Amino acid sequence: MFLKQGINLGGREFTIETGRIAKQADGAVLVTQGETVVLVTAVSARNPKSGVDFFPLTVDYREYGYAAGRIPGGYFKREGRPTEKEILTSRLTDRPIRPLFPDGYAHETQVISMVISADDEHDPDVLSITGASAALYLSDIPFYNPIAGVRVGLVDGKYVVNPTYEQLRNSVLNLIVAGSEEAICMVEAGAKEVSESVMVEALMFAHGEIKKLCQLQRSMYEALQVQKREYTPKPVNEEMLRELEEKFATDLRAALDVSTQSKIASYAAIDALKKRVIESYPEDVPAQRAEAAELFDRFKERIFRDDILNNRRRPDGRRFSEIRPISIEVGWLPRTHGSSLFTRGETQAMVTATLGTSQDVQYVDSLETGEYKRRFMLNYNFPPFSVGETGRTGSPGRREIGHGALAARSLEAVMPAEDQWPYTVRIVSDITESNGSSSMATVCGGSLSLMDAGVPIRAAVAGVAMGLVMEDKKYAILTDIAGAEDHYGDMDFKVAGTRDGITGLQMDIKVTGLNPMILAEALEQARKGRHYILDKMEEMITEPRTEMSKYAPRIVTIQIPPDKIRDVIGPGGKVIRGIQEKTGAKIDITDDGRVSIATASGDAAEAAMQMVRDLTAEAELNKTYLGTVSRIVDFGAFIEILPGLDGLLHVSEIADYRVRDVRDELKEGQQVLVKCIGIEGNKIRLSRKVLLKEEKRAKGGDNPPRDEE
């Protein structure tokens, strides 16, 4: 059945359509705002996948070049592996819908979002979130509650829903929020040091717009009279669960306790206890043993939550607002441009900063602008040894790209502008130990490595991971969460920023009913934790170093008139290549005439800079030049006073006496001092006579005039 409905969202029409495209999928919708259109499909297998203990959901978001009227680059001229933007949007789409499927649902499910039309105003990423919900909700797949996603900007003090690209460039906030009618369930944000109160207001504003989109989906659901396929979750054996709690609760609490043992030792103790639990049931009743193994994780969760909410105790014995011990080293790697080793509890990030030139920028494809240059990069790596395991190494996974993007957003807000500091910067964070919030350790280590490298960042940035455990009216907000607190908690949110405000935020919420008061309390507790970490960081380094590493390139910039760029480049790049070969410097020229000269040697930089200045200098009236005679004519000589710039030395200005033949006084290639006595358009008049007279006056007299006959 074809159906199309829409609402006014932020002064622009937002529509959802179904029944025209991809009718063999379980669910398919076209989501449109402006001239941006995203096709989202959903398919779920009719039978569960055997042998899996997780929900096999995959989400893929793809941006096609044809959507913006472009042909992809590269040899094959077709879309290849997913871009970073596509991977991040796939994660944004996955995170809010995954928890809304029924417990135990093991049917392989796939959501595919395809950008099939892209205008130059509306970013399709948030349309994918709403589209995924609509495709699932309007199908027979057991997805019972719609969600929606919106972006919020803060432009000139006003909140804007789904801002245009132009509005977003002028915004101090880039906030993506997903949620249901009842509650917010996911947040992803970058900001320019906004306050906690502004962030809460923005979240509430976003939720109001989300409700409108959820109501639109409900209206379509009723109009289509959707019938969901039958699915009955496997019931929990409460009797066996109580039996486990009675027999093994004390032992499990001891195994979970990491106040007196390491995480690895705790995991080993938990595994040993799980084996005891399974073996406590008869060997000849394998079904009971299998059920006990399945219930063990639920048993752990109950013990953990009971300790937090009723006993007010964390697994490692810390206070709810307490941060684990922090140790910091900076400048510890001898050949890197900047380095830090940030350790917080059992989480450790080894972070380096490398400085490069404009030739090191990353070129990124974008539907909005085509190819653009990125001069700040952050790569996050999570090798398996960091958690004491073996595993795959190589290209980064979606999780690594997501964590790296969060850290990059958090740090980019304090990076200097290109016209103030022309370097390209790459940060690499290698996680060498992990037990909670390695992305926030990356933020802290990244800030420290930038300062160690001498990058003039506006302020230090720190990050902290927060958690929430909530049942009915009881709740506990936890600072600097570790393994079990992340896994079994109801909210995981990471907050990064300076002393003045938030620069990065990521939040995933599993519960409904999170009110603004609790959210504000959590952000305030995070602010205090962030300030504590900043204090620790400042004990090691208080501001960016004034001297860069001797191995880092030195970049000097000069400004030349744009019409002189061709003189520096030369025909076919001959001139600029010659300067680079002579000095060993790298030279980059922008369209506005800014010349960046990069080299490891100060003398080479000065030599290259002088060559550029000579090539672009213009004659100045009354200035004296040591020129070279380039050509002699009957009426005078042409003198090259600057590279490629000649002036006329008329025969009457060669000497303070009458000159019969120019060749009697000058020869081609001869160097001669001359003074600029006139500039008329492109014509430059020179004089040697005035300099000779000035020299004679300085000596105290004139020589007798030469016979002119």
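**Salt bridges, a histidine and a helix**

Me: How many salt bridges does a search of the whole structure find?
Reply: It turns up 50 salt bridges. Keep in mind that this is a predicted model.

Me: OK, pick one. What does Arg-318 pair with?
Reply: Arg-318 bridges to Glu-485, with 3.8 Å between the closest N and O atoms. Arg-318 sits in the loop between helix H7 and strand E11, while Glu-485 belongs to helix H10, so the pair ties together parts 167 residues apart in sequence.

Me: Are those two buried or exposed?
Reply: Both Arg-318 and Glu-485 are buried.

Me: And Arg-663, what's its partner?
Reply: That would be Asp-661, where the closest N and O atoms are 4.0 Å apart. Arg-663 is partly exposed at 45% relative accessible area, and Asp-661 is partly exposed too, at 33%.

Me: Switching topic: where's His-122?
Reply: In the loop between strand E6 and helix H2. His-122 counts as buried because its relative accessibility is 4%, under the 20% cut-off.

Me: What does the His-122 side chain make a polar contact with?
Reply: The side chain of Arg-12, at 3.0 Å. Beyond its neighbours within four places in sequence, His-122 also has Gln-33, Gly-34, Thr-36 and Tyr-165 among its contacts.

Me: And H2 itself, how many residues has it got, and how far does it reach?
Reply: H2 has 13 residues, 125-137, and reaches 19 Å from first C-alpha to last, close to the expected 18 Å.

Me: Why call H2 largely enclosed?
Reply: Because 13 of its 13 residues are buried, the rest of the structure largely encloses H2.

Note on methods. Residues numbered from 1 in each chain as written. Predicted model: local features only at pLDDT ≥ 70, side-chain atom pairs only at ≥ 80, totals over all residues. Heavy atoms only, no water. Helix = DSSP H or I, 4+ residues; strand = E, 2+ residues; numbered from the N terminus. Expected span 1.5 Å × (residues − 1). Buried < 20%, exposed > 50% of the residue type's maximum accessible area, 1.4 Å probe, protein only. Polar contact = N/O pair within 3.5 Å; in protein donor to acceptor, adjacent residues only side chain to side chain. Contact = heavy atoms within 4.5 Å. Salt bridge = Lys/Arg side-chain N within 4 Å of Asp/Glu carboxyl O.
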